[in-house]
Amino acid sequence: MTKQAISPASTTRRWVKLGLVATSILLAGGIWSAWEFWYRQPTGSGPAGPAVDAVAFQETWTTRSVLLIGLGDSITAGLGARKGYSYFDRLLENPDDEWPDLTDINLRKVFPNLESTNLAMSGSTSLDHQRRQLPRLPAGDSNTLAIVVFTTGGNDLIHDYGRSEPREGAMFGASWEQAQPWIVNFAARLEQMLDEITARFPGGCEIFLADIYDPTDGTGSARRVGLPSWPDSLRIHSAYNEIIHTAVARRENVHLVNLHEPFLGHGLGCRRIWSQHYRRDDPHYWFWINLEDPNERGYDAIRRLFLLTMSETRHRLR
């Protein structure tokens with residue numbers, strides 16, 4: 001029996017098929033790798049953020065009437081969280097599936113006569129907070145202690161994501177020089193808001209003001225999610241946070257809730273093990289699908305940061 005000769009054409013076709021298969025495998029692998037290591041952000045599971053000392057919440061802080069007021073943007077409004085899982089909701093009471101370390105740690109435990117109202121609105125800027133939310137503040141009396149939680153300024157920076165020319169209240173893409181008058185206006189506006197809030201409550205008012213976190217993890221670039229380059233973003237962002245820190249330092253009744261530092265390493269660079277902000281203990285993404293708001297683990301972390309700041313200043317909450 002003689003072997004059948006294999007023609008050069010058959011050999012060529014075989015190599016072409018093998019090449020196409022190999023190319024398809026490499027392409028599929030490249031797509032998967034890009035999704036897995038570039039676009040997909042792992043959110044992790046379990047508690048997020050710092051531990052809270054339970055001892056501080058085992059005694060009543062005051063028996064006075066206390067009113068908890070939420071002011072600001074979508075962070076305080078709770079966009080991206082289920083009902084009961086925003087930081088504002090979890091300050092008031094724990095959900096049924098609360099993490100063991102925070103079971104029964106909430107403001108109702110330390111303020112037996114607590115009421116609440118949340119005036120925060122998603123998408124709002126500091127201009128909206130002054131014009132629309134402050135006029136809606138409830139009237140205070142000499143018997144009520146007001147506790148205000150406030151997030152402001154973040155939307156001033158990130159809107160309108162470069163879809164329009166930069167302007168006050170929607171500064172994305174602005175140059176440092178272009179932003180100067182808006183930065184000055186924000187400083188004056190924040191001072192006026194803090195003074196007005198304090199004056200509305202003769203029985204006492206303690207304000208817990210958050211600074212602005214950075215979803216880019218200190219790079220200033222969100223190009224991986226399709227946003228345009230913004231060379232001066234970090235400089236402008238830093239100026240806004242400096243304004244917030246300065247306003248807090250000027251007032252005994254205003255307390256800084258630092259979100260900026262704890263959130264570094266939980267944004268777009270959470271998987272970059274070479275980053276100075278890499279969080280080996282929790283290398284996960286704390287932001288929601290819109291980039292600017294937290295996911296539920298992020299809200300857990302924010303709730304803990306507010307509780308910690310309140311417990312550290314509880315001598316004033318009486």
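**Stop 1: the cavity**

Begin by selecting helix 6, which gives the largest share of the lining of the largest cavity, 4 residues. The model you are looking at is predicted, so local features are taken only where pLDDT is at least 70 and side-chain atom pairs only at pLDDT 80 or more, while totals for chains, interfaces and linings use all residues. Residues are numbered from 1 along each chain as its sequence is written, and side-chain values use heavy atoms, with hydrogens and water left out.

A cavity here is a set of points, on a 1 Å grid over the protein atoms alone, where a 1.4 Å probe fits but cannot get out, and its lining residues have an atom within 4 Å of a point. Grid points are joined across faces, edges and corners, and a volume is the space filled by probe spheres set on the points. The count comes to 1 cavity of 30 Å³ or more, and the largest cavity has a volume of about 420 Å³. Next select Gly 154, Leu 157, Ile 158, Tyr 213 and Pro 215, which lie nearest the centre of the largest cavity among the 29 residues that line it. The elements that give two or more residues to this lining are helix 2 (74–77), helix 6 (154–158) and helix 8 (233–249); helices are DSSP runs of H or I with at least four residues, strands are runs of E with at least two, and both are numbered from the N terminus.

**Stop 2: the nonpolar core**

Now select Ile 197, Phe 306 and Met 310, which touch the most other members of the largest nonpolar core, a set of 82 residues. Such a core consists of buried Ala, Val, Leu, Ile, Met, Phe, Trp, Tyr and Cys residues joined through side-chain atoms within 4.5 Å, where buried means under 20% relative accessible area, exposed over 50%, and partly exposed in between (1.4 Å probe, protein chains only). Helix 7 (residues 176–199) gives the largest share of this core, 9 residues.

Stay with Met 310 and look for its contacts (heavy atoms within 4.5 Å): leaving aside neighbours within four places in sequence, they include Trp 61, Leu 91, Phe 208 and Leu 317.

**Stop 3: Leu 137**

Move to Leu 137, which lies in the loop between helix 5 (126–133) and strand 3 (144–151). Is Leu 137 buried or exposed? Leu 137 counts as buried because its relative accessibility is 5%. Beyond its neighbours within four places in sequence, Leu 137 is in contact with Ile 69, Leu 71, Leu 119, Ile 197, Arg 200 and Phe 201.

**Stop 4: salt bridges**

Finally, turn to the salt bridges, each a side-chain nitrogen of Lys or Arg within 4 Å of a carboxyl oxygen of Asp or Glu; the count comes to 17. Select Arg 303 and Glu 98, which form a salt bridge with their closest N and O atoms 2.9 Å apart. This pair links distant parts of the chain, with Arg 303 in helix 10 (residues 296–312) and Glu 98 in the loop between helix 3 (87–92) and helix 4 (107–110). Arg 303 and Glu 98 are both buried.

For another pair, select Lys 109 and Asp 104, whose side chains meet in a salt bridge at 4.0 Å, N to O. Lys 109 is partly exposed, with a relative accessible area of 43%, and Asp 104 also counts as partly exposed, at 46%.

Definitions and conventions:
1 Å grid on protein atoms, 1.4 Å probe; cavity = no way out; pocket = protein on both sides within 12 Å on 5 of 7 lines; lining within 4 Å.
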